[in-house]
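Visitor: Can you walk me through this one? I'd like the sheets and then the helix packing.

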Amino acid sequence: MSQPSRTVPILNLNAQYQSIQTELEATILEVLRSGHYILGKHVAALEEKVAALCGAKYGIGVANGTDALLLALWALDIGPGDEVITSPFTFAATVEAIALRGATPVFVDIDPDSFNIEPSAIEKAITKRTKAIMPVHLYGLPAQMDPINAIAQRYGLKVIEDNAQGIGATYKGRATGGLSDLACTSFYPTKNLGAAGDAGMIVTSDAALNDRLRSIRAHGMRRRYYHDELGVNSRLDELQAATLLVKLPHLAKWNSRRAEIAALYEKNLKHTPGIVTPSVSLAGGQRGQATEQVQHVYHQYTVRVQTKPHQNIGSGSSLMSSEEYLANSNRDAVIAGLSKQGIGSMCYYPVPLHLQTAFAYLGHKLGDFPISEHLSREVLSLPMYPELSDEDVHYVSDCLNTIMTTEIAPLAVPAPATSTVATVTSVVAPVPQTAAGVVL
Ligand SMILES: Cc1ncc(COP(=O)(O)O)c(C=O)c1O
């Protein structure tokens with residue numbers, strides 16, 4: 001087999017490290033020599049700067065993004081008997097945090113263009129137990145915060161942004177993270193602003209929540225060894241904070257480069273058969289056209305490798321498991337084809353959360369959130385990091401174009417479904433349609 005002419009991994013953290021190596025190593029050495037390793041001046045400076053970036057008053061550094069979500073819910077006293085509305089198409093941590101508080105995650109399906117929670121479907125999911133809405137800025141594209149906040153206000157609910165993938169993004173000119181009661185971010189190394197290990201932060205403009213969160217993250221202490229309430233150890237350390245402080249001044253430049261790369265991909269792939277490029281607008285906007293409303297930070301550049309909706313599959317003895325249902329042989333072929341050409345790609349996320357074993361206790365079945373299910377079958381993230389060269393992007397695009405035009409059989413556009421359903425292990429999975437009745 002011939003060797004690919006270049007290698008383009010999905011991510012290259014080493015390239016970023018090399019671009020800031022001198023400054024980063026000097027800072028790390030300074031922290032090591034200081035003898036002060038937890039919740040020191042670097043953490044305080046980072047809290048101030050990230051809060052300012054988000055347009056919020058306070059930042060509370062914690063051990064990781066999952067803890068940020070957990071502590072945000074905790075600070076709002078959300079627990080058993082309460083319901084929190086969120087998307088089934090996100091990383092598990094969003095929903096895990098709700099469940100770990102003993103509250104019930106309530107899913108609302110997503111808008112197929114933005115991959116984010118569909119605001120017009122939220123109201124139907126509200127009950128008297130609902131306490132909060134937790135939108136996720138998936139892949140770095142802000143969720144539709146105005147309608148979400150309007151609903152929250154009407155029903156007296158709190159809003160917690162899961163901003164793990166959205167740091168630096170803007171919605172109607174305002175930064176994500178400052179658009180709700182509390183926002184949580186992750187500094188996991190692969191994030192747009194990534195530490196050299198685990199780290200996370202909550203931001204808020206509410207003084208009482210800030211005070212409570214500072215207490216909960218450190219064993220419920222406001223004064224050393226006086227425990228006002230139960231808490232946890234979720235302190236941020238100085239080495240991570242110092243790393244993030246070195247990187248933070250580069251974030252805007254890195255995010256702009258990500259947007260440039262996305263524009264190049266868009267130009268190269270917009271006519272590729274069987275590929276749907278990501279929308280950059282809030283919902284249903286024109287693909288590839290930046291709007292004044294929103295700035296996407298492309299944590300991921302995620303295309304859809306189209307597949308036909310399953311129709312009339314499985315009945316009686318030939319039932320399909322959800323894993324089989326969610327399979328997409330076109331996408332598998334693309335992943336394999338790219339890999340042969342030295343290109344990395346990844347599915348974020350192959351199984352929506354309502355179909356995951358960990359959340360089986362919620363009692364959902366295939367067909368409950370058809371848009372999330374359909375997009376889980378189609379999404380594929382391509383290499384995306386600021387150090388990618390234009391040549392790398394052209395190479396990836398050319399390879400994908402070739403695979404789609406020569407290896408994948410041209411896709412027949414599925415006819416609009418009427419009453420066609422898929423019977424899967426005794427559940428009914430309707431052909432996914434958007435609110436406007438458009439078959440995905
Ligand atoms: C959407 C989302 N929420 C939450 C998290 C959890 O963050 P962490 O991995 O820092 O715990 C992540 C990141 O992995 C994420 O992508």
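**Strands, sheets and helices**

Guide: Strand β8 (residues 182-186) is mostly covered, with five of its five residues buried. A residue is buried if 20 or more other C-beta atoms, placed from the backbone, lie within 10 Å of its own. This is a predicted model: local features need pLDDT of at least 70, side-chain atom pairs count only at pLDDT 80 or more, and totals for chains, interfaces and linings use all residues. Residues are numbered from 1 along each chain as its sequence is written.

Visitor: Which residues point which way from β8?

Guide: Leu 182, Cys 184 and Ser 186 point one way, Ala 183 and Thr 185 the other way, and all are buried.

Visitor: In what sense does β8 pair with β9?

Guide: Antiparallel, over five bridges, with β9 being residues 200-204. Thr 204 in β9 is the bridge partner of Leu 182. With strand β5 (residues 158-162), β8 pairs in the parallel sense over three bridges, and there Leu 182 is the bridge partner of Ile 160. Two strands pair if DSSP finds at least two bridges between them. Strands (E, at least two residues) and helices (H or I, at least four) are DSSP runs, numbered from the N terminus.

Visitor: What is the order of the seven strands in the sheet?

Guide: The order is β1-β9-β8-β5-β4-β2-β3, in an open sheet with mixed pairing. β1 (58-62) and β3 (104-107) are at the edges with a single partner strand each, so one side of each has no neighbour in the sheet. The twist averages 25 degrees from one strand to the next.

Visitor: And β4 with β5, how many bridges?

Guide: Two, in the parallel sense, with β4 covering residues 130-134. Ile 133 stands opposite Val 159 in β5. Helix α7 (residues 145-155) packs on the sheet, touching β4 and β5, and its direction makes about 150 degrees with that of β5.

Visitor: Which strands does α5 lie across?

Guide: β2 (83-86), β3, β4 and β5, and α5 runs at about 175 degrees to β2. Angles run from 0 to 180 degrees between N-to-C directions, and axes are lines fitted to C-alpha atoms, for helices over the stretch in contact.

Visitor: Now the helices. At what angle do α4 and α5 pack?

Guide: Helix α4 (residues 65-75) and helix α5 (residues 92-100) pack at about 40 degrees, their axes 9 Å apart. That makes α4 oblique to α5. Angles under 35 degrees count as roughly parallel, over 145 as roughly antiparallel, 65 to 115 as roughly perpendicular, and the rest as oblique.

Visitor: Which residues in α4 meet α5?

Guide: Gly 65, Thr 66, Leu 69, Leu 70 and Leu 73 in α4, and their counterparts in α5 include Ala 93, Ala 97 and Leu 100. Contact means C-beta atoms, placed from the backbone, within 7 Å. The residues of this α4 and α5 contact divide into seven nonpolar, three polar and one charged. Ala, Val, Leu, Ile, Met, Phe, Trp, Tyr, Cys and Pro count as nonpolar, Asp, Glu, Lys and Arg as charged, and the others, Gly among them, as polar.

Visitor: How do α4 and α8 cross, at what angle?

Guide: Roughly 125 degrees, with the axes of α4 and helix α8 (residues 207-216) coming within 10 Å. That makes α4 oblique to α8. Leu 71, Trp 74 and Ala 75 in α4 meet Leu 209, Arg 212, Leu 213 and Ile 216 in α8.

Key. Two residues are in contact if their C-beta atoms, placed from the backbone, lie within 7 Å. A residue is buried if 20 or more other C-beta atoms lie within 10 Å of its own, exposed if 12 or fewer, and partly exposed in between; C-beta atoms are placed from the backbone.
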